[in-house]
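Student: Please give me a close look at a single part of this model. Then place it in the rest of the chain. Keep it brisk.

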Amino acid sequence: MSTSQEDAKQRLVAAYLAMEPAHVIVKLVREAGGGLLSRDMQVFFYENCLNNRVCEMFPRSELYVKRVLKQLILTTESEKEEVLTELYEQYALFLIPSMEEMKAVERCYKSYLYSLPDNAISKLAAYIGERRTSKFKNMLVTVRVSLNMLGGGTGFCTWPAGMFLSEFILTHPHIFSSKCCLELGSGTGLSGICLAQLNPAKVILTDGNLSTLANLKHNLLINGISVLGEVSEATDQNQLQMLAPVQCQGLSWEAAIEDDFADFDAHVIIGADLIYDPRFIPHLIRVLTQLLLKNVSLPACQTQLNGMNSMSEKRYKEEGRNLKHSNGSSCADAVISPVAFLATAIRNLETLYLFLSLAHKSGLVVQDVTQAMQPIACLPALSDYDRSSICLHKLTIQ
């Protein structure tokens, strides 16, 4: 079998785990079969996709599996190829409406395969050590999601801007390693799970919806990341990664008061798809201003963790921070002004312009760094993921 066909097999499995559209799955089955929906490829799909170990642990949506099977069977039949009996049998199980369909509230699992190139992995080694970098060649992140808004709202869905932000995090480890990092509107936790891998000093994930927050904690635990103050009998403690616990906290932008930010001494603030509803933008601006107004200390012990204790002021600024010295001589007394990075899918320009206008009035400096800090494509198997629709803004205080 050719290398291209082997690559297509890997992309097929990754695409199925991420619940890519049915037509994409059929296309990849064909590519892996050298242009044919052959019996061998149907067997491969049955064994490595439908009966994948990850899918047994974290089931895909029944409706999704049904759609994929239907399209694969119909396409195979139309091309006069023999359909594998097991595919017919599997599809027959879905002909009787399930409780999932009758309730119309559907929660299932999606898995995202992150594949970093060798040069990006070498870059990571400088911040987290070589022993921990091997997993980034093929790192699978699984999250529980809802396929409709009835199942939990926007916080139960994965969005392109969140995928973009997760790629940005893995591309620029120097921004996050050994820093206190806070995410607004964490949702399913895709970005937070990636962030936790980079040896940050602390990770705080926030959301304003209690159901979303509970699902976020669940997603962290199934990916081997412990949650501060949480004990789960369902979690195999031996499977937890050797990472610092993540703090999950409720944060309602509308109701938040100054005291709510007292313990949020974040060096870096991140968020994805936060600029979507004009009603919430004034509250978002107020929260960002409160977080960015703080001058946060950066202990020497943290800078030494990743070789940054002798960095120049110029290097700090290149990384998006302003370095100050309280006594003009020692990094041990360094105080840095926080920085925020927001990834946004542009759906309505008027909403974006409202955000930019209110940010300017509040004394925030907003820079479009989409091109200057373009992330590596770490999710190559996702054909429906359009990075060109996402912009990245860096925010600092004047």
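Tutor: An axis here is a line fitted to C-alpha atoms, for helices over the stretch in contact, and angles run from 0 to 180 degrees between N-to-C directions. Now the part itself: helix 13 (residues 281–292) against helix 16 (residues 349–361). Helices (H or I, at least four residues) and strands (E, at least two) are DSSP runs, numbered from the N terminus.

The model is predicted; local features need pLDDT of at least 70, side-chain atom pairs need 80 or more, and totals for chains, interfaces and linings use all residues. Numbering starts at 1 in each chain as its sequence is written, and side-chain values use heavy atoms, without hydrogens or water.

The axes of helix 13 and helix 16 come within 10 Å and cross at roughly 40°. Helix 13 is therefore oblique to helix 16 (under 35 degrees is roughly parallel, over 145 roughly antiparallel, 65 to 115 roughly perpendicular, the rest oblique). The crossing is right-handed (near helix turned clockwise from the far one by less than a right angle; anticlockwise is left-handed).

Look at the side of helix 13 first. Ile281, Pro282, Leu284, Ile285 and Leu288 make the contact from helix 13. From helix 16, the partners are Thr351, Leu354, Phe355, Leu358 and Ala359 (contact: heavy atoms within 4.5 Å). By class, nine of the residues in this contact of helix 13 with helix 16 are nonpolar, one is polar and none is charged (nonpolar: Ala, Val, Leu, Ile, Met, Phe, Trp, Tyr, Cys, Pro; charged: Asp, Glu, Lys, Arg; polar: the others, Gly among them).

Now set a second pair beside it. Helix 2 (residues 22–32) packs on helix 5 (residues 62–78) at about 50°, and their axes are 9 Å apart. Helix 2 and helix 5 are therefore oblique to each other. Their crossing, too, is right-handed. Helix 2 brings Ala22, His23, Ile25, Val26, Val29 and Arg30 to the contact. Helix 5 answers with Tyr64, Arg67, Val68, Gln71, Leu72 and Thr75. The classes in this contact of helix 2 with helix 5 are seven nonpolar, three polar and two charged residues. Recall that the contact of helix 13 with helix 16 has no charged residues.

Stay with helix 2. Its residues Ala22, Val24, Ile25, Val26, Leu28, Val29 and Ala32 are buried (buried: under 20% relative accessible area; exposed: over 50%; partly exposed: in between; 1.4 Å probe, protein chains only). The cover over these residues includes helix 1 (3–17), helix 3 (39–50) and helix 5. Both flanks of helix 2 have a backbone detail. After helix 2 comes Gly34, with a positive phi near 70°. Met19 sits in the loop between helix 1 and helix 2. Its phi is near 60°, positive although Met19 is not a glycine. Met19 has a relative accessible area of 10%, so it counts as buried.

Asn199 shows a positive phi as well. Its value is near 60°, again in a residue other than glycine. Asn199 lies in the loop between helix 11 and strand 4 (202–207). At 28% relative accessible area, Asn199 is partly exposed.

Beyond four places in sequence, its contacts include Val143, Arg144, Val145, Gly155, Phe156 and Cys157. Leu216 and Asn219 are also among them.

Phe168 belongs to helix 9 (residues 160–171). Its relative accessible area is 0%, so Phe168 is buried. Past its neighbours within four places, Phe168 touches Ile175, Phe176, Phe341, Met373, Pro375 and Leu392. Ala377 is 209 residues away from Phe168 in sequence, yet their C-alpha atoms are 9.0 Å apart.

Glu86 is in helix 6 (residues 85–92). With 32% relative accessibility, Glu86 is partly exposed. Gln42 is 44 residues from Glu86 in sequence and 9.3 Å from it, C-alpha to C-alpha.

Last, the whole chain. It has 16 helices and 12 strands. Of its 398 residues, 53% count as buried. Among contacts with a separation of 6 or more, 74% join residues 24 or more positions apart.
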